[in-house]
Amino acid sequence: MALLAAVVGLGLLAAPAARAGEGSLDTPTMPPECFGPAQTSGDPYPCPLVDYDARRPTLLLWGDSHAWQYIPALRRAVAGRDVNLVSFVAGSCPPVAIPKRPGKDYSAKCEQSNYEAMQTVRTLIKRKMPFRIVLGSNWSGFRIAYRRLFLEDVVPVFGYTDYTKKMVRLAHEGTPRLFTQLGKLGVDVTVIGQAATVPDLVMPCPAGQDPYQCRIPRWQAIPEEQDTATWLKGQMGKLRGDTRYVDATPAYCDATFCAGNVGGISTWYDHLHLSATRTRNLSSYFAGTVRQVKRDAKRRPMAARWR
């Protein structure tokens, strides 16, 4: 149990939090009116992350803060390429299928974001507008947390709020259902694999603790990596459109360790999220996704504006 607690700590599914005393944070930015991590006052809608032009194909980023952390990479990938980038992202909110429109209370904001994302997908299909979904999540975090919560009646589990428990159960049921629905719709999907994180228990790092600057054994930084990848690719097997699996960990991990700093760039912003500077330098991993959606745009007629 001690080892399990080490890799599944209290912050496993936490949304990013600002650290006191920083002038500027090495995190992604979103327009202030958009709904997203640390921006929860508004209602979810297709947040334009670059200037939107209805004549262009669209990338739709969908997921939790592990999708949000790749905004800098995707912005750089679409820069000068005549491709829109919109998002439905929320902290501790897995990408899932929601069968009906949820209520408007705060606890339903995650469900609302997912519901509106699917409605946007259906609108894009109906209007024959070229697009591609980019899915990202803390896949292993939700899977490990569900297993812990499933054992709740046998072993007491601490550190999970009622909201987090709800999201964990939602991911367990709703994420496989989402892949099934996207498969039936025949849409093109890029899936971002599990990113490395900093476990709660790590060796003291003389080079810096916050953000953590030292290397971490890969098995600790990406717990249950092979099982998660196998499960995720199994879910992707339900998809019927063009699919891509993006694993960006080679940029900061080798076969044995994940580095806290590569080339003077901090890998992490906090223990659970990659820094914006790091992900900005991962844009090449999404070049194929951008090329594919542009090829689709040449094959499909454009239609009316969808918002």
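This is a predicted model: local features need pLDDT of at least 70, side-chain atom pairs count only at pLDDT 80 or more; totals for chains, interfaces and linings use all residues.
This briefing looks at one strand with its two partners, and then at a pair of helices. Residues are numbered from 1 along each chain as its sequence is written, and side-chain values use heavy atoms, with hydrogens and water left out.

**Strand β2**

- Let's start with β2, residues 58-63, where six of six residues are buried (under 20% relative accessible area, 1.4 Å probe, protein chains only).
- Strands here are DSSP E runs of at least two residues, and helices are H or I runs of at least four, numbered from the N terminus.
- Thr58, Leu60 and Trp62 point one way from β2, while Leu59, Leu61 and Gly63 point the other way.
- In a regular strand, side chains alternate between the two faces of the sheet.

**Its partners**

- β2 pairs with β3 (residues 84-89) in the parallel sense, over six bridges; pairing takes at least two DSSP bridges.
- Across that pairing, Leu61 sits opposite Ser87 of β3.
- β4 (residues 131-136) also pairs with β2 in the parallel sense, over six bridges, and here Trp62 stands opposite Leu135.

**Helices α4 and α6**

- The axes (lines fitted to C-alpha atoms over the stretch in contact) of α4 (residues 109-126) and α6 (residues 162-185) come within 11 Å and cross at roughly 10 degrees.
- That's why α4 and α6 are roughly parallel (angles under 35 degrees, on a scale from 0 to 180 between N-to-C directions).
- Residues in contact (heavy atoms within 4.5 Å) include Met118 and Ile125 in α4, and Leu178 and Leu182 in α6.

Methods
Buried means under 20% relative accessible area, exposed over 50%, partly exposed in between (1.4 Å probe, protein chains only). Angles under 35 degrees count as roughly parallel, over 145 as roughly antiparallel, 65 to 115 as roughly perpendicular and the rest as oblique.
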